[in-house]
Amino acid sequence: MNIVVCVKQVPDTATERKLRSDDKTLDRDAADGVVNELDEYAVEEALRLKEAHGGEVTVLTMGPDKASDTIRKALAMGADKAVHLVDDALHGSDALGTSHALAQTLKKIGFDLVVLGSESTDARTGVLAAMLAERLNVPQLTFANKVEVNGSAIAIQRVTDYGYDKVEASLPAVVSVVEKINEPRYPSFKGIMAAKKKPVEKLGVADAEIDAAQVGLASSWSEVTDFAAAPPRAAGTIVKDEGDGGAKAADFLASKKFI
Amino acid sequence: MSEVLVLVEHVEGQVKKVTLELLTLARKLGAPSAVWAGPGYSAEAKAKLAEYGAEKIYVADSADIADYVVAPKAELLAQLVSTASPAAVLVAATAEAKEIAGRLAIKIDSGVLTDAVGIGEDLVADQSIFGGGVNVRSRVTKGTPIIAVRPNATPVEAAAGAGAEEQVSVAVSDTAKTAKVVDRVKEEKGARPELTEAAIVVSGGRGVGSAENFSIIEKLADSLGAAVGASRAATDAGWYPHQFQVGQTGKTVSPQLYIAAGISGAIQHRAGMQTAKTIVAINKDPEAPIFELADYGVVGDLNQVVPQLTDEIAKRK
């Protein structure tokens with residue numbers, strides 16, 4: 001099975017994240033780049049599917065040069081090779097542009113199964129997997145907390161507000177995974193060393209037959225008109241419990257008409 | 001006045017509160033047209049939608065619409081956009097509705113904004129990003145704006161609309177029928193409100209200490225008619241089911257009142273609750289970052305404070 005796992009580099013949420021004042025896009029230099037957390041679950045799931053069914057796992061990352069750190073991490077976990085979609089023309093692409101670029105690349109490199117995290121911690125739109133399914137015209141198997149492949153049949157449990165849906169489809173397909181689907185492995189020393197020798201193919205917009213008019217900031221379907229740091233919340237009242245903390249909290253709730 | 005399509009969120013035939021919020025918002029932007037997708041439509045649902053301003057109600061209640069993941073609903077909306085030429089399409093910022101919005105955006109070549117917490121008359125949306133650290137205003141620049149709005153972000157106001165019903169027949173394409181829902185499994189969650197919709201959320205974290213002890217969080221929640229949430233530390237420890245996790249990799253909630261008990265307030269958690277209107281924190285560590293967000297904080301042992309609070313609420317009812 002030819003599995004492609006889409007991995008995004010995002011700013012570390014433990015550092016202060018910013019937008020750039022010039023073009024109002026994410027400031028990727030202001031914070032350390034890390035693997036989007038939910039994508040680690042995607043890499044793990046891809047590796048487990050490969051271990052169970054054979055085949056190959058290819059990492060696909062769209063991002064600037066520094067995203068190669070993220071690719072190395074996924075390779076060190078055990079993926080076989082990588083494609084790095086890197087081109088200045090892609091800078092500032094919104095979800096529509098990004099999904100076009102990734103879909104074109106996926107068509108070019110081929111796949112039986114695309115796996116990705118259900119959401120990124122930076123943009124948090126949660127729409128990319130659905131958009132890929134739409135653009136690639138393949139089944140959308142998203143928000144999975146369980147994936148089972150049997151020949152060309154694939155079934156998932158799709159997490160819902162009330163529990164989950166059992167969903168069935170045939171390969172090729174797009175799967176997005178939620179946290180708790182598995183426990184991502186840590187790269188071993190051997191894995192880290194091996195990753196250095198694994199092939200990483202760099203593709204630009206023209207190589208992947210991406211329509212330049214559909215990607216980049218200028219072609220986005222939406223724009224940030226302005227932004228500002230959220231005003232700090234007004235300092236609250238903090239009391240020490242001296243046997244009456246619960247009663248005092250109740251007084252506060254009553255003053256706000258919650259009780 | 002142009003129509004504004006509002007995709008109705010419903011469960012077991014009941015219209016969810018977020019839809020009433022969307023209808024309230026839509027009235028500022030044009031003439032609200034509710035779109036009912038899937039089975040369960042009733043006179044009761046119709047009355048509710050009209051009460052909150054739906055001038056039209058498009059009903060596509062065939063089973064096909066709901067039996068396949070997301071794609072048929074996107075086809076339905078695309079069809080309505082082409083016939084009704086609405087000023088905008090509003091959906092709730094739930095996992096599924098955002099996916100519908102995403103697929104619709106491609107079908108109608110239009111921009112999509114997710115997790116709006118407000119929309120101006122000029123269709124500029126307010127968003128809160130980076131775990132609540134930055135406020136952004138953004139707008140769609142191509143096509144028909146599609147905006148996913150966070151539940152609880154809009155105060156609901158009734159204002160009667162005509163509620164003119166229009167049956168819509170959609171021939172769901174074969175390509176939209178490739179991911180089939182073969183079973184819906186309901187997990188027991190009792191009578192509590194749904195986490196993302198609840199006006200009040202009570203969450204427990206590492207400080208709760210055990211699965212058994214989550215009962216004190218549940219009792220407090222029940223005394224307030226609230227939903228129960230949990231921090232990642234608590235769900236990772238297996239003390240509370242993962243689907244109740246509030247935070248960056250879990251649910252984002254924006255309730256009127258959020259009570260955090262035994263939660264330190266790391267960014268992982270803050271990203272999921274920072275836009276709550278009022279925050280109350282109970283934690284034994286006076287240095288816990290959750291107190292920086294709290295409107296009211298109690299430094300103390302939650303095993304003492306939470307039951308006392310629950311008792312006090314019962315007394316004052």
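Reader: Where is A:Pro172 placed?
Author: A:Pro172 sits in the loop between strand E9 (163-170) and strand E10 (173-177) of chain A. Helices (H or I, at least four residues) and strands (E, at least two) are DSSP runs, numbered from the N terminus. This is a predicted model: local features need pLDDT of at least 70, side-chain atom pairs count only at pLDDT 80 or more, and totals for chains, interfaces and linings use all residues. Residues are numbered from 1 along each chain as its sequence is written, chains are lettered from A and ligands numbered from 1 in the order in which they are written, and side-chain values use heavy atoms, with hydrogens and water left out.

Reader: Which kind of peptide bond joins A:Leu171 and A:Pro172, cis or trans?
Author: Cis, with omega at about 0°. Most peptide bonds are trans.

Reader: And what is phi at A:Lys24?
Author: Near 60°, a positive value in a residue other than glycine. A:Lys24 is in the loop between strand E2 (9-11) and strand E3 (33-35) of chain A.

Reader: Switching to the interface. How many residues does each chain put into the contact?
Author: Chain B gives 88 residues and chain A gives 76. Contact means heavy atoms within 4.5 Å.

Reader: What area do chain B and chain A bury?
Author: About 6900 Å² between them, 54% of it on carbon and sulfur atoms. Buried area is the accessible area (1.4 Å probe) that two parts lose on being put together, summed over both.

Reader: How many salt bridges between chain B and chain A?
Author: The count is 13. The rule wants a side-chain nitrogen of Lys or Arg within 4 Å of a carboxyl oxygen of Asp or Glu. B:Arg316 forms one with A:Asp251, and their closest N and O atoms are 2.8 Å apart.

Reader: Which helix gives the largest share of chain B's side?
Author: Helix H5 (residues 95-107) of chain B, with 9 residues.

Reader: Which strands pair, E13 of chain A with what?
Author: Strand E13 (residues 237-240) of chain A pairs with strand E17 (residues 296-299) of chain B, in the parallel sense over 4 bridges. Two strands pair if DSSP finds at least two bridges between them. A:Ile238 stands opposite B:Gly297 in E17(B).
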